[in-house]
Amino acid sequence: MAFDRLTDNIQSVSDKFQEYGTSTAEYYKLRLFKSSMKGAISLVNLLVFGSFFLFVLLFISIGVALWLGIVLESSFAGFLIVGGFYALVTIFLLVFGKKLIERSLLIKFSELLYDDEDEKSTVENEAHQEADTYKETIQNHSS
C-alpha cells in the first residue's frame with residue numbers, strides 16, 4: 001500500500017516535471033517570437049522613417065547647394081561645398097562616432113530582448129517553489 005502511494009507520487013512528480021519542461025519550452029518559444037517581432041517592427045520603423053529622413057536631407061542639400069551656387073556665382077562650387085561638408089561629417093563619424101553608435105545599438109537591442117526580466121524571474125520562482133513542494137512530498141512519503 002505504501003509502495004503504491006510512493007509510486008503514484010513519483011509518477012505525479014515525473015508528470016509535473018514533464019509539464020514544467022513543456023511549459024518552459026513554450027514560454028521560451030513565445031519569448032523568442034516576441035523578441036523577433038519587436039526587432040522586425042523596429043527594423044521596419046527604421047526603414048520607413050530613415051527613407052523619409054534621407055529624402056528630406058537630399059532636397060535640403062540640393063537646395064543649399066543651389067543657393068550657395070547662386071551666392072558664389074558658380075553652380076559646381078555650391079555642390080562641392082555641400083559634398084565636402086558631408087565628407088567631413090562622415091570622417092568625424094568614422095573617427096569619433098563608431099563607439100557611440102555601437103553602444104547605442106547594444107543598449108537599444110538589449111532593451112528589446114531583455115525587457116521582461118521580472119516576468120522571467122516570477123516564472124522561475126514559481127517553478128522552484130513547485131519543485132520544492134514535490135521534493136518535500138517525496139521526502140514525507142519516504143520517511
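Predicted model: local features only at pLDDT ≥ 70, side-chain atom pairs only at ≥ 80, totals over all residues.
Residues are numbered from 1 along each chain as its sequence is written, and side-chain values use heavy atoms, with hydrogens and water left out.

A search of the whole structure finds 1 salt bridge, a term that requires a side-chain nitrogen of Lys or Arg within 4 Å of a carboxyl oxygen of Asp or Glu. The salt bridge joins the side chains of Glu26 and Lys29, at 3.5 Å from N to O. These two residues, Glu26 and Lys29, are 3 residues apart in helix H1 (residues 2–72) and are therefore separated by about one helical turn; helices are DSSP runs of H or I with at least four residues, numbered from the N terminus. Glu26 is partly exposed, with a relative accessible area of 39%, while Lys29 counts as exposed at 54% (buried means under 20%, exposed over 50% and partly exposed in between, with a 1.4 Å probe and protein chains only).

The structure also holds 3 aromatic pairs, in which rings of Phe, Tyr or Trp (its six-membered ring) have centres within 6.5 Å, planes under 30 degrees apart being stacked, over 60 edge-to-face and the rest tilted. One of them, Tyr27 with Tyr28, is edge-to-face, at 5.1 Å centre to centre and 70° between the planes. Phe92 and Phe96 form a stacked pair, because their ring centres lie 6.0 Å apart and their planes meet at 25°.
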